[in-house]
Amino acid sequence: MESAIPSHLQTARTRHRRVGDDYAPPYPSFVARHKPSVTRVVMAYFGLQSGGAAPVAAEQALAQLASDFAAADGPSHWDRASYVDEAGFNNIVTVAYWDDRQKFDRWFPAARERWTGDQRTDNGFGTFIEALYPAVEGYETLFSSLGRPEGVAVLADGMSGEVLEHAYWGGMRDRIPLSQTSEMAPSGAPRAIREGARIRIIPHDNLCLIRSGQDWGDTEAAERKMYLGDVEPVLREGMDFLRDQGRSIGCYANRYMTVVGPGGATTEKSYGMSWWKSLSALERWAESHPTHVRIFGAAMKYLSTLGPAAKLRLYHEVTVARADEQLFEYVDCHPQTGMLNAVQTVDAA
């Protein structure tokens with residue numbers, strides 16, 4: 001058993017872990033391990049939004065983005081997902097990951113100009129960029145099984161052995177290295193500024209992002225029936241609550257998306273991603289809100305019924321980022337899109 005916090009990021013605690021040294025988790029879980037030379041990662045979400053079927057120009061923009069990714073200093077990994085949002089708009093979201101901030105800084109300006117800048121073409125669809133650049137002390141991952149990393153974990157040097165800090169309330173916080181010495185409390189409030197066609201969000205410190213995914217592609221008939229019949233509907237109910245009513249509990253925005261495979265094929269993978277005012281707000285929803293209590297109950301019944309035979313793969317990554325580690329830009333998107341949903345007004349630059 002090892003700590004989720006790698007040895008080179010461990011420090012003398014001023015804030016205590018929520019469980020004692022004698023805690024033993026009831027089932028195994030694992031975290032991604034980067035090389036010690038990796039000090040910062042980049043998670044950049046490029047969104048495309050259309051009121052109906054994506055126009056030809058949108059398909060061309062997505063193809064250009066994929067071409068840009070293949071250029072020098074492009075991301076080490078990217079994936080694509082889609083969903084229909086609360087306003088009925090189709091959204092295609094491509095998330096790209098770097099483990100070298102300097103590479104990203106060299107790559108990003110030209111792509112930014114094409115996606116949300118002056119070189120963007122106005123062809124009847126909206127675009128947005130939501131990016132975080134957290135130090136490795138500011139985020140954590142968790143996986144239910146080995147052998148198929150997702151998201152930022154694809155960049156990792158490998159996976160840990162079984163870790164201690166999971167399967168209890170507060171484990172998410174305890175896996176973030178910053179939690180050893182910091183409350184990671186938010187400060188300030190987001191505001192929006194219009195710069196021509198582009199609306200830029202000025203964020204606040206210690207915003208929280210969670211990407212939480214599930215892959216049922218390996219499940220067989222009985223397990224698949226159990227996941228799709230007993231667990232997924234409860235998960236969807238919780239995701240819909242966060243999407244439609246999340247602001248009342250500190251969730252600025254939530255997307256429940258289906259991963260798109262090569263050639264646009266539908267996969268048997270999905271993930272929710274949500275922006276939160278704080279890690280504490282996310283923790284309160286997880287621990288006590290009826291929608292997540294039902295998700296947790298359905299998942300525990302599922303896992304306890306199947307035990308080690310379960311083929312469902314679960315993972316998540318959670319980040320707490322300073323204001324200067326965030327970028328949000330939106331062009332021709334409706335007001336409930338992402339962090340636009342966190343502000344009431346848009347000021348002139």
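Predicted model: local features only at pLDDT ≥ 70, side-chain atom pairs only at ≥ 80, totals over all residues.
1. Now the buried side of H6. Its buried residues are Thr291, His292, Ile295, Ala298, Ala299 and Tyr302. They span an arc of only 125 degrees around the axis, which places them on the same side of H6. An α-helix has 3.6 residues a turn, so residues three or four places apart point the same way.

2. What covers the buried residues of H6? The cover includes helix H4 (221-245) and H5.

3. Check the length of H6. The helix has 17 residues. From first C-alpha to last, H6 reaches 24 Å, close to the 24 Å expected at 1.5 Å a residue. After H6 comes Gly307, with a positive phi near 60 degrees.

4. Next, the pair H5 and H6. Two packed helices are described by the angle between their axes and the distance between the axes. The axes of H5 (residues 279-288) and H6 (residues 290-306) come within 5 Å and cross at roughly 60 degrees. H5 and H6 are therefore oblique to each other. On the H5 side, the contact is made by Trp285, Ala286, Glu287 and Ser288. H6 contributes Pro290, Thr291, His292, Val293 and Ile295. Among these, Thr291, His292 and Ile295 are also buried residues of H6.

5. Helix H1 (residues 56-69) can be read in a similar way. H1 has 14 residues and reaches 20 Å from its first C-alpha to its last, close to the 20 Å expected at 1.5 Å a residue. Its buried residues are Ala57, Ala58, Ala61, Leu62, Leu65, Asp68 and Phe69. They cover an arc of only 145 degrees around the axis, which puts them on the same side of H1. The face turned away from that side carries the exposed residues Val56 and Gln60.

6. Which elements do the buried residues of H1 pack against? Three strands are listed: S2 (42-50), S3 (77-84) and S4 (90-98). Helix H2 (101-115) is a partner too.

7. Last, Ser179. This serine sits in the loop between helix H3 (171-175) and strand S8 (191-195). Is Ser179 buried or exposed? Ser179 counts as buried, because its relative accessibility is 4% and the cut-off is under 20%. A polar atom of the Ser179 side chain lies 2.7 Å from the backbone oxygen of Ile176. Beyond its neighbours within four places in sequence, Ser179 is in contact with Arg13, Arg15, Arg173, Asp174 and Met184.

How values were computed:
Residues numbered from 1 in each chain as written. Heavy atoms only, no water. Helix = DSSP H or I, 4+ residues; strand = E, 2+ residues; numbered from the N terminus. Expected span 1.5 Å × (residues − 1). Buried < 20%, exposed > 50% of the residue type's maximum accessible area, 1.4 Å probe, protein only. Arc of directions from axis to C-beta. Contact = heavy atoms within 4.5 Å. Polar contact = N/O pair within 3.5 Å; in protein donor to acceptor, adjacent residues only side chain to side chain. Axes fitted to C-alpha atoms, helices over the stretch in contact; angles between N-to-C directions. Parallel < 35°, antiparallel > 145°, perpendicular 65-115°, else oblique.
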